[in-house]
Amino acid sequence: MDLEAVRTYVAVAEAGQFQKAATDLAITQQAVSKRIAGLERDLGVRLFARTPRGAEPTVDGQAFLPHARELLRAAERAAASVRPGGRPLRVDVINSRGAASRLMRAFHRAHPGVELDIVMLLDIESAVAALRSGAVDASFRAVAAPGLPLPEDLTATRVVDEPLDLLTGPGHALAAARSVRLADLAGHRIWMPGILPGSEWGAYYAALAAEFGLTIESTGPNFGSDALLDTIADTPALATFMGEDTRLVWPTTYGLRRIPVTDPVPVYPHSLLQHRDNPHPALPALHAHLAAAASPAAPGAWVPDWVPNWGPNCVPGSAS
């Protein structure tokens, strides 16, 4: 059904005259008559009866009028749902306990008038597909991992470098250390069951292990953070890496130790991805907020050589 014809029908019904409806719609009276005639053919009924005063809806026209108005309201709702600024800003933060989630909570506090939808997409392929289809407006990722070049229609802006801590139980050989050098972790078992093969964080930890001779294990099922903490607390032979911004709570009886890693400090680099042509009006505010809160790593920190440089529309290169 032609929505413009339906709109014209409602205008005539409300104006009571073809000429006044034409004026209200800024079209000719001939165009109004043509649209009404086409709508009547589609419906198989007469919608108006000519009167000395103009045009009045027939019985069928009166029955159609409330439905025609609802059709126009539904069309407006459909258009508003995808109109820039007419829907929430959708941002992928990967998980609810890391740096990206912290950044978005701070943005929400600073911009309470911006409506947000927070989603959590596990792998970068899903995030890229969602960005390109418009399902999400932005995604926090560590890009671009080897073999996963960023499509040309997407941009990446590096926004935060998150230092890694070593998490151990009370019986671990390094539990009493105030800090630990990265090279001194060689020979210790680092257990990270959440590493997804092919993910950007999988590529990050593979590069870290290769460069410093570390043993990073991802064996066994991933039962989540609570099970990870239980195991680290009870198993002196295992430790794990945890981002400085990751906020987990555990019983004091676990005696877990969170130890800074130094010489060099390994940092996990977070970038904000978006489509080049995304028109959502809240994106500039998000970029401005992240730029003001940006926290580049200190000189000498370690990141893989495929990590994007700092700055807008960043490209792979060494940390800077």
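## Charge over a ring

A charge sits over a ring if NZ of Lys or CZ of Arg is within 6 Å of the ring centre and within 35 degrees of the ring normal. Arg50 is placed in this way over the face of Phe18, at 4.2 Å from the ring centre.

## Basis

The model is predicted: local features need pLDDT of at least 70, side-chain atom pairs count only at pLDDT 80 or more, and totals for chains, interfaces and linings use all residues. Residues are numbered from 1 along each chain as its sequence is written, and side-chain values use heavy atoms, with hydrogens and water left out.

## Aromatic pairs

The whole structure contains 8 aromatic pairs. Rings of Phe, Tyr and Trp (its six-membered ring) pair if their centres lie within 6.5 Å; planes under 30 degrees apart count as stacked, over 60 as edge-to-face and the rest as tilted. The pair of Tyr9 and Phe48 is tilted, because the planes stand at 45 degrees, with the ring centres 5.2 Å apart. Tyr9 belongs to helix α1 (residues 3-15) and Phe48 to strand β1 (residues 48-51), so the pair ties together parts that are 39 residues apart in sequence. Helices (H or I, at least four residues) and strands (E, at least two) are DSSP runs, numbered from the N terminus.

Buried means under 20% relative accessible area, exposed over 50%, and partly exposed in between (1.4 Å probe, protein chains only). Tyr9 is buried at 0%, and Phe48 is buried at 6%. Elsewhere, ring pairs join Tyr204, Tyr205, Phe212, Phe241, Tyr268 and Trp302 in a cluster.

## Salt bridges

There are 15 salt bridges in the structure, each a side-chain nitrogen of Lys or Arg within 4 Å of a carboxyl oxygen of Asp or Glu. One of them joins Arg69 and Glu14, with the closest N and O atoms 3.3 Å apart. Arg69 is in helix α4 (residues 59-82) and Glu14 in helix α1, so this bridge ties together parts that are 55 residues apart in sequence. Arg69 is partly exposed, at 32%, while Glu14 is exposed, at 54%.

Asp245 and Arg102 form a salt bridge at 3.0 Å, N to O. Asp245 lies in the loop between β10 (238-243) and β11 (257-262) and Arg102 in helix α5 (residues 99-110), so parts 143 residues apart in sequence are tied together. Asp245 is buried at 12%; Arg102 is partly exposed at 29%. A network of salt bridges also links Glu4, Arg7 and Arg35.
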